[in-house]
Amino acid sequence: MTTRTLLLTALAMLAFAGNSLLCRVALRDTSIDPASFTALRLLAGALVLWLLLRLRQGTGAPAGSWSGAVTLFLYAAAFSYAYVKLDAGAGALMLFAAVQLSMIAWGLFKGERLSPMQTLGSALALAGLIGLLLPDASAPAMGAALLMILSGIAWGAYSLLGRGIRDPLAATAGNFIRALPMGAVLCLLMLPGLEWDRAGVIYALLSGGLTSGIGYALWYAVLPRLAATQAASIQLSVPLLTVLAGSLLLGEALTGRLVITGLAILGGIVMVLWAGKKA
């Protein structure tokens, strides 16, 4: 891996972790509501991705699909509503676990078979997720946790729909643009509860334009230079970065429960990836 590839990859992972941090701090410390945050994030992401596509091609021709847009919107909306009550680190672990486990479940449904090591890894990751959700004084709010799991399942579906796409940047730009009317409808449905302030709007625009739009562009630029297992393994850094940044920057508690369940989730996914690479 060249120095340039390493730098772009690190920036992309920091951007993805930044999504959770920006969303959490906006919904915890400002007046913005989840519907407004979602709509502004989609708007900023669509604008930045369209501009990047236009600069690259000179024509700005988005691609994508309506199925991709629906799953993208479900991911973004559930993500925002979940982070009203979830810490950034716990939310990122739930999201990542739900993405990976839903994609594994889909593979099993389609007839794929797991090796014993992959089965054990999947069970360990699932046990970690369940352990994170078990009720006690430090457990996350169940409603918010279920929304984050829904967000992860939606992102897993979005990833599966995107398999084999030749131009992921164009597809992502098109999906963000198609998701804009869905964000507008959500705001209309939640009209009596809409509110925001300057800080909340800035966080939402940064989440959409910088950590989503620029982050995806960086990731898609570096992805062809990485092996599939390499790319999957690198993404394991996102929940780890989010947990650490949440503790250092947002004052979130780094509990023993979070550490143990997080290690189970990430360790289980590592086992699945490692066994898949050997196969």
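**Aromatic contacts and helical packing**

Arg41 lies over the face of Phe79, 5.1 Å from the ring centre. A charge sits over a ring if NZ of Lys or CZ of Arg is within 6 Å of the ring centre and within 35 degrees of the ring normal. Arg178 is placed in this way too, with its charged end over the ring of Trp66, 5.7 Å from the centre. The model is predicted: local features need pLDDT of at least 70, side-chain atom pairs count only at pLDDT 80 or more, and totals for chains, interfaces and linings use all residues. Residues are numbered from 1 along each chain as its sequence is written, and side-chain values use heavy atoms, with hydrogens and water left out.

The chain comes to 11 helices and zero strands. Helices (H or I, at least four residues) and strands (E, at least two) are DSSP runs, numbered from the N terminus. The C-alpha atoms fill a box of roughly 45 × 45 × 40 Å along the principal axes. For 279 residues, a compact globule would have a radius of gyration near 19 Å; the chain has 18 Å, which agrees. This radius is taken over C-alpha atoms, and the globule rule is 2.2 Å times the number of residues to the power 0.38. Of the 279 residues, 50% count as buried. Buried means under 20% relative accessible area, exposed over 50%, and partly exposed in between (1.4 Å probe, protein chains only).

The whole structure holds 10 aromatic pairs. The ring centres of Tyr75 and Phe79 are 5.5 Å apart and their planes stand at 45 degrees, so this pair is tilted. Rings of Phe, Tyr and Trp (its six-membered ring) pair if their centres lie within 6.5 Å; planes under 30 degrees apart count as stacked, over 60 as edge-to-face and the rest as tilted. Tyr75 and Phe79 both belong to helix α3 (residues 66–82), four residues apart, about one turn of the helix. Both are buried. A tilted pair is also formed by Phe176 and Tyr216, at 6.1 Å centre to centre and 55 degrees between the planes. Phe176 lies in helix α7 (residues 168–189) and Tyr216 in helix α8 (residues 198–222), so the pair ties together parts 40 residues apart in sequence. Phe176 counts as buried at 2% relative accessibility. Tyr216, at 6%, counts as buried as well. One aromatic cluster includes Tyr75, Phe79, Phe176 and Tyr216, with Trp155 and Trp219 also among its members.

The largest nonpolar core has 78 residues, of which Tyr75, Tyr83, Met94, Leu129, Met148 and Trp219 touch the most other members. Its largest share, 11 residues, comes from helix α4 (residues 88–109). A nonpolar core is a set of buried Ala, Val, Leu, Ile, Met, Phe, Trp, Tyr and Cys residues joined through side-chain atoms within 4.5 Å. In α4, 16 of the 22 residues are buried. At 1.5 Å a residue, α4 should span 32 Å; its end C-alpha atoms are 31 Å apart, which agrees. The expected span is 1.5 Å times one less than the number of residues. Just after α4, Gly111 takes a positive phi of about 105 degrees.

Helix α7 bends by about 30 degrees at Leu180, and Pro181 follows within four residues. The bend is the angle between axes fitted to the seven residues ending at a residue and the seven starting there. In helix α10, the buried residues include Val238, Pro239 and Leu250. After α10 comes Gly251, with a positive phi near 70 degrees.
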